[in-house]
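Please look over the structure below before reading the numbered points.

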Amino acid sequence: MPERVAIVGVGYSDVRSTTPGLSYKEMMYEAAVRAYADAGVNPRKDVDSFICVSEDFWEGTSIFDEYVPDQLGGALRPVHTVTGDGIHALACAAMLIRTGRARIVVVEGHSKHSDIRTPHHIHNFAFDPIYHRPLGAHPYHLAGLEMNRFLHVSGNTREQCALVVRKNLTNALLNPRAVYGAEVSLEDVLGAPPAFTPLGELDIARPADGGFVMVVAAESVVDDLAGEPVWITGYGWCTGASAVDSRQWGEAVYARLAAEQAYRMAGITNPFQDLDFAEIDDSFSYKELEHLEALRLCRPGEAGTLLEEGVTLPSGEFPVNVSGGSLGVGHLLEATGLHRVYEVVLQLRGQAGPIQLAEVERGLAQSWRNLPTTTGCVIILERS
Amino acid sequence: MTVRIKEWPGTALSSKDFETGRVLTVHHKPKAEYRWDAGVAIGRYLRELKEGRLIARRCNACGRILLPPRMFCEECFVPTSEWVFVKDTGTVNTFSICHVRWDMVRLKDPQLPAVINVDGASPGMGILHLLGEVRPEDVRVGMRVQAVWKSPEEREGAITDIKYWKPI
Ligand SMILES: [Zn+2]
C-alpha cells in the first residue's frame, strides 16, 4: 500500500493586479519562505525534489525551468517543470512520493501577468495556426461559442451566469487575497458592455499577479514537521479533443473524467454528500455552472437552480468559490489551481479567517487550463 | 552525380515556389511583447549601471558577495544583508571568439564574449559581457580587464551601459 501524502506547508506572494516593485524571482522567494516556515522545513536540506508549473510564452523566456531553482532553495537539487496547471504538479508530487523516490517535494506556480504587454496575442498563439488563427477573431470568441452551446444544451440561463459573477465578486470582498471584490447587481452584469455575446465584460475573470508554494510530504515524515497536514486523497486529470470543429461543446467532459479518477481514488460515490465545499474553475462565469455539473455536484441542467436556491453561497449547504474564485481573486495563469488548493487548505485547517466555513472536513479543488484547452484537473483534500 | 546515379530523383523547390504559392504554407508572425519588472535587486543594479558603478549584495550567512545582486542567497536560502559596491575591474574566467554572427554572417572583427570575475565580488562571480580594444589572438584566460563605460548622457540603466571590457 503506497504511503499517504499530505500538504504540510503553504505560502503565497500577495495577489495584486500589478507588482511593479518585485521581479518574479522575488515573488517566488516570498511565497517559498512563507511555505517553508509554515511546514517547518529547510529547503536546502529537507526537500528531495522541486516541481514548478510554468508556460514559456507567458514568461517570455524559453526553457523557463532553468530560472526557477535559486529562489526556491533548489539550486543543484532535482528540479523539473510541468507545463500544466498547479494541480498537475501536486499530482506529480504525490506520485513521486508514493514511488518512494522522495519524501518531501515542493510545488510552485506563479503569475507575472503584468509583465506581458500582448497577453491576447500570446493567448492566440495557443490556437491552431492553420485552420483557426487565420480567422483573426479575439481568442475569447471560443468562450462565447462554448457558453452559447452550454446554455442551449443544459437549459441554464444567461441570468444564472450573471448570478455567478455577483456571488463570486461579493465573496471576494471578504478575502484578503482577492483583487476584484465588488458589490455588483444582476443589472450591472447583464448591462455591462457586450463582449463575446452571450459573454459580457463582467463575465470574464481578469488577470492578476501572485505566486504560491506548497510543501508536500509522505505520511512517515509528517509528524516530524511543524505544518498541519491536509491529506491529498484523490486526484485526476484529463484532456479532451483539441479540435475546435468537433470537440464536445456544451459539456466539460474533461472535468467529468478527471473527477471520476479523483473520486474513485478517494472513495467518493456521492460527491455532493461526501464533500463539504469546492473551489472550482470560474475563468468565465458559465464555467462555474458547467463545471458544477461535470463534477456531478448536481444533475445536468441544475447548476443554475442550485445557485438561485443559495446552495452554493458561503452560507449554503455546499459553498462553491467562497474565495471569490478567479472572477473575484483574479486569474493567475498556471498558478490558478494552486490558489484554489491554497483556499481549500486554509478552510480545512480552520485558518481562512473572515471567509472560514464551519465544520468542513473534505474539499475539492478543480482547474481548467483556460482557452482553447479541454484540460482539467481535480484534487480531493481532507483534514484527517 | 555518381557512377551509379546519373540524375538524383526528387523535385527541387525554390523560395520562389513558396512565395508564389506553388507550395502552400501558412504564415503567422507572433506579437509577443513583454516588459519585465526588474525587481528590488536588479532594479538597483540597473540604476547603478546608469551611474557608472557595479553594485552587489553581501550574504552575512556565507559571507559571499553576490554579483549580480539578489535579495536572497541561493546557497543559504536567507535574505541577503547589505549593498556592496564592487570594482569595474576583473579577470577573464572564460571567453569565446565568435567569427559568425547570429544570422550566420562571417565577421572580419570577431565578437569576444567573456565571463569576467569582477574584483570585489566573491570568486567565480561577475558578469558575462564583451571584450574590446584587444586582438582576438591576444585574449587569455586570467587576463586582467576593466570596463569601458558609455558617457553619462548615453547611459540608460542597462548592461549595455558598459561598452566592453579592455585589457589593463
Ligand atoms: Zn549565503
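**Note on the predicted model**

1. Arg158(A) and Asp203(A) form a salt bridge whose closest N and O atoms are 2.7 Å apart. A salt bridge here is a side-chain nitrogen of Lys or Arg within 4 Å of a carboxyl oxygen of Asp or Glu. Arg158(A) sits in helix α6 of chain A and Asp203(A) in the loop between β6 (199-200) and β7 of chain A, so that the pair links distant parts of the chain, 45 residues apart. Helices (H or I, at least four residues) and strands (E, at least two) are DSSP runs, numbered from the N terminus. Both Arg158(A) and Asp203(A) are buried. Buried means under 20% relative accessible area, exposed means over 50%, and partly exposed is in between (1.4 Å probe, protein chains only).

2. A word on the basis of these values. The model is predicted: local features need pLDDT of at least 70, side-chain atom pairs count only at pLDDT 80 or more, and totals for chains, interfaces and linings use all residues. Residues are numbered from 1 along each chain as its sequence is written, chains are lettered from A and ligands numbered from 1 in the order in which they are written, and side-chain values use heavy atoms, with hydrogens and water left out.

3. Over all chains, the rule gives 33 salt bridges. One of them joins the side chains of Arg340(A) and Asp282(A), at 3.7 Å from N to O. Arg340(A) lies in helix α14 (residues 336-349) of chain A and Asp282(A) in the loop between β9 (277-279) and α11 of chain A, so this pair ties together parts 58 residues apart in sequence. Arg340(A) counts as buried because its relative accessibility is 1%. Asp282(A) is also buried, because its relative accessible area is 0%.

4. What lies in the largest nonpolar core? The core has 51 residues, and Phe284(A), Leu364(A) and Ile380(A) have the most contacts inside it. A nonpolar core is a set of buried Ala, Val, Leu, Ile, Met, Phe, Trp, Tyr and Cys residues joined through side-chain atoms within 4.5 Å. Among the elements of chain A that each supply at least two residues of this core are α5 (141-154), α6 (158-172), β10 (362-368) and β11 (375-382). Helix α9(A) gives the most, with seven residues. In soluble globular proteins, nonpolar side chains tend to be buried together.

5. Phe284(A) deserves a separate look. Leaving aside neighbours within four places in sequence, its contacts (heavy atoms within 4.5 Å) include Tyr140(A), Leu199(A), Asp203(A) and Trp368(A). Asp203(A) is the partner of Arg158(A) in the salt bridge of the opening point. A second, separate core has 49 residues, including Phe277(A), Val344(A), Leu357(A) and Cys377(A).

6. Chain A is divided into domain 1 (5-118 + 208-230) and domain 2 (138-207 + 233-382); the bounds come from an automatic or database domain assignment. Taken over C-alpha atoms, the centres of the two domains are 24 Å apart. Their contact takes 40 residues from domain 1 and 36 residues from domain 2. Together they bury about 3,100 Å², 72% of it on carbon and sulfur atoms. Buried area is the accessible area (1.4 Å probe) that two parts lose on being put together, summed over both. Ile87(A), Phe212(A) and Val230(A) supply 22% of the area that domain 1 buries against domain 2, more than any other three residues. Two salt bridges are counted between the domains.

7. Where chain B meets chain A, 23 residues of chain B are in contact with 36 residues of chain A. The buried area is about 2,300 Å², of which carbon and sulfur atoms give 60%. Tyr34(B), Phe72(B) and Phe77(B) lose the most area in chain B, together 31% of what that side buries. Three salt bridges cross this interface. The side chains of Arg44(A) and Glu75(B) also meet in a salt bridge, at 3.5 Å from N to O.

8. Within chain B, Arg35(B) forms a salt bridge with Asp37(B), with the closest N and O atoms 2.6 Å apart. Arg35(B) is partly exposed, because its relative accessible area is 42%, whereas Asp37(B) counts as buried at 11% relative accessibility. Salt bridges that share partners join Lys112(A), Asp115(A), Arg35(B) and Asp37(B) into one network.
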